[in-house]
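Below is a short briefing on one protein chain, grouped by topic. Please look over the structure before reading the points.

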Amino acid sequence: MAKLEEKINVLFICSRNQWRSPTAEKLWRKHPKINARSAGTSPNARHKVSIEDIRWASIIFVMEEKHKSRLVAEFTRILENKPIHVLDIPDEYKYMDPELIEMLEQSVNGILGAE
């Protein structure tokens, strides 16, 4: 029996889990090789990033350097050997903004090699 190719678990993080990370999650949710989730670092986030999210993720994408700093401060031990990529996408886009989608597709596809 052929072994099924495993999907990669990708976690997208911004501050409030309102615009940027949910857009990224929606973009890759239906990709055949990716399981996508999103979360926020703020206490007021729609879904605040949890230990379970970090453990689940194979790779983490954060929108800004401050998100990486907050993750490292809060989840130092479970982040060991887990790749975190900073996308440098500022908080100036609304959900599913065409410019945001283009930036996400370019940067994430470049890292994952997933078209």
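How many helices and strands does the chain have? The chain has four helices and four strands, and the model is a predicted one. From the N terminus on, these elements follow the pattern β-α-β-α-β-α-β-α. The radius of gyration is 14 Å, close to the 13 Å that the globule rule gives for 115 residues, so the chain is as compact as a globular protein of that length.

**Overall dimensions and confidence**

- The C-alpha trace spans about 45 × 35 × 20 Å along its principal axes.
- Of the 115 residues, 43% count as buried.
- Taking contacts between residues at least 6 apart in sequence, 68% join residues at least 24 apart.
- Mean pLDDT for the chain is 93, with 94% of residues at 70 or more.
- Confidence is highest in E3, at 98, and lowest in H4, at a mean of 93.

**The sheet**

- The four strands make an open sheet with parallel pairing, in the order E2-E1-E3-E4.
- E2 and E4 (84-86) are the edge strands; each has a single partner strand, so one side of each is left without a neighbour in the sheet.
- From one strand to the next, the twist averages 20°.
- E3 and E4 run parallel and are joined by three bridges.
- Ile60 has Ile84 in E4 as its bridge partner.

**Helices against the sheet**

- H1 packs on the sheet, where it touches E1 and E2, and its direction makes about 170° with that of E2.
- H3, residues 65-75, lies across E1, E3 and E4 and runs at about 130° to E3.

**Nonpolar cores**

- The largest nonpolar core has 16 residues. Those with the most contacts inside this core are Phe12, Trp28, Phe61, Met63, Leu87, Ile89 and Leu104.
- At least two residues of this core come from each of E1 (8-14), H1 (20-29), E2 (34-40), E3 (59-62) and H4 (98-112).
- A second, separate core has twelve residues, including Leu11, Ala57, Phe75 and Leu79.

**Surroundings of Phe12**

- Which residues does Phe12 touch, not counting residues up to four places away in sequence? Among them are Trp28 and Phe61, which are also listed with Phe12 among the residues with the most contacts inside the largest core.
- Phe12 also touches Ser21, Ala24 and Glu25, the run Ala36, Arg37, Ser38 and Ala39, and Val108.

Technical notes:
Residues are numbered from 1 along each chain as its sequence is written. This is a predicted model: local features need pLDDT of at least 70, side-chain atom pairs count only at pLDDT 80 or more; totals for chains, interfaces and linings use all residues. Side-chain values use heavy atoms; hydrogens and water are left out. A nonpolar core is a set of buried Ala, Val, Leu, Ile, Met, Phe, Trp, Tyr and Cys residues joined through side-chain atoms within 4.5 Å. Buried means under 20% relative accessible area, exposed over 50%, partly exposed in between (1.4 Å probe, protein chains only). Contact means heavy atoms within 4.5 Å. Two strands pair if DSSP finds at least two bridges between them. Axes are lines fitted to C-alpha atoms, for helices over the stretch in contact, and angles run from 0 to 180 degrees between N-to-C directions. pLDDT is the predictor's confidence in each residue, from 0 to 100. The radius of gyration is taken over C-alpha atoms; the globule rule is 2.2 Å times the number of residues to the power 0.38.
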